Structures are given as structure tokens and as C-alpha cells.
Amino acid sequence: MFSWPRLRDADPVLRCEMASTGEVACFGPNIYSAFLKAILSTGFKLPQKGILIGIQQSFRPNFLSTAHQLKEEGFKLYATEATSAWLCANDVPAIPVAWPSEKEGNTTLPSIKRLISEGHIDLVVNLPNNNTRHLKDNFMIRRMAVDHGVPLITNYQVVKLFAEAIRYAGDLDTTSLFHYRQKESQPKGASQQG
């Protein structure tokens, strides 16, 4: 968790020296449950409407299985034009959207800003690198997400774990560390008492 809304106009990407800022630890019966509890405890809201995906070409081979998981979980996917074409070609339907720098009259594609501000997109996945001609557009997308209070994921490992957690976490419980330790100290096969 990092307070990006307080840092106006800063690029909301955690670099290595900032990645452990505001860490949260949570417990669960598996990594997926613990992960979802941790991100929810930071104010992250699980998407209900749509996910905007913007990934650089270098991430695409690894990202495909994650994209399939998001599709199978029933999320409506939006993507920048080239990413949308790649996802659709790989059996992951995604609605193409215009880059923020494109003028609305010059394209028939929906505007990212409008989709975010009207609440159609409630999670932004933006996996940037510096080898793109859309450096400023990607910055604008990340900044729009933060400025509109939309959860933003900018790390491949985090988005992969997020997609897995949505699928495998199960019901989230409110068991404390004390109760987890108590369960661990019980002899195997001992009957559980309420």
C-alpha cells in the first residue's frame, strides 16, 4: 500500500526501493486467502464491472494464462488496442479502448477516461516498461486510476496471484493469528471443539 493520491502527478509505480512501503501481513488457510485479505485490508476493492488491461509486449507470453483466468472468472475485459487484438487472437475477448492522448473525434473506440470516470472499469492492470512509444499514455492511465480511486496493479507477480486468488481463495474468514497457532498446536486427529 502506498499513498499515491497524496502525491499528485507522481507516477504510481513502485520501484524496488519503494516496494516494501506500507506492507500488510494477513493469515489464511492458503496463500490465496491471505493475499486477498491483505489487499482488501488496504482499501482495495474487488472488481465488479470491468478490468482494463494494458501490458507491454514483453509481458504477453507470461500473461496469457492470467488473462484466461480473469476471463473464466467472468470479468469484462477492456484493453488498449494492440493488447485487445492480441487477447482476442488468443481466445480472451477484450473490448478495445482508445489511448488517453487520442482525441475523441479521431477514433470510434471508447475513451479510457470516460470508462473509468463512469465506473465501467473498477480495476486497472498496467504492466509498464520503458521500451514503449506509449510511455506518457501508460502514465496517464495509471494516474487516472489513482485519481478516480480505482485499484491499480502494476506488477506481473501481483496480478498473477490476484487472478489465482480470485479462483482459489474460497470464503474469507476472520480467524486471528492466535486461532491459527492454536489449530497448529492441536495433535493431529484430535476432535475440534466449538
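Trainee: In this predicted model, which residues of helix α1 are buried?

Mentor: Helix α1 covers residues 31-41. A residue counts as buried when its relative accessible area is under 20%. In α1 the buried residues are Ser33, Ala34, Phe35, Leu36, Lys37, Ala38 and Ile39.

Trainee: At the start of α1, which backbone nitrogen does a side-chain oxygen of asparagine 30 reach?

Mentor: The oxygen of asparagine 30 comes to within 3.1 Å of that nitrogen. The nitrogen belongs to the backbone of tyrosine 32.

Trainee: At roughly what angle do the axes of α2 and α6 cross?

Mentor: Helix α2 spans residues 60-72 and helix α6 spans residues 156-168. Their crossing is left-handed. Residues in the contact include Phe63 and Leu70 of α2, with Val159 and Phe162 of α6. The axes come within 9 Å and cross at roughly 35°.

Trainee: How many residues apart in sequence are the parts that arginine 167 and glutamate 72 tie together?

Mentor: Side chains of opposite charge can pair when their charged atoms come close. Arginine 167 and glutamate 72 meet in a salt bridge, at 2.4 Å from N to O. Arginine 167 lies in α6 and glutamate 72 in α2, so the pair ties together parts whose separation in sequence is 95 residues.

Trainee: Is aspartate 91, the salt-bridge partner of lysine 71, buried or exposed?

Mentor: The closest N and O atoms of aspartate 91 and lysine 71 are 3.6 Å apart. Lysine 71 has 26% relative accessibility and counts as partly exposed. The cut-off for exposed is over 50%. Aspartate 91 has 52% relative accessibility, so aspartate 91 counts as exposed.

Technical notes
Residues are numbered from 1 along each chain as its sequence is written. This is a predicted model: local features need pLDDT of at least 70, side-chain atom pairs count only at pLDDT 80 or more; totals for chains, interfaces and linings use all residues. Side-chain values use heavy atoms; hydrogens and water are left out. Buried means under 20% relative accessible area, exposed over 50%, partly exposed in between (1.4 Å probe, protein chains only). Helices (H or I, at least four residues) and strands (E, at least two) are DSSP runs, numbered from the N terminus. A polar contact is a pair of N or O atoms within 3.5 Å; within protein, one must be able to donate a hydrogen and the other to accept it, and residues adjacent in sequence count only if both atoms are side-chain atoms. Axes are lines fitted to C-alpha atoms, for helices over the stretch in contact, and angles run from 0 to 180 degrees between N-to-C directions. A crossing is left-handed if the near helix is turned anticlockwise from the far one by less than a right angle, and right-handed if clockwise. Contact means heavy atoms within 4.5 Å. A salt bridge is a side-chain nitrogen of Lys or Arg within 4 Å of a carboxyl oxygen of Asp or Glu.
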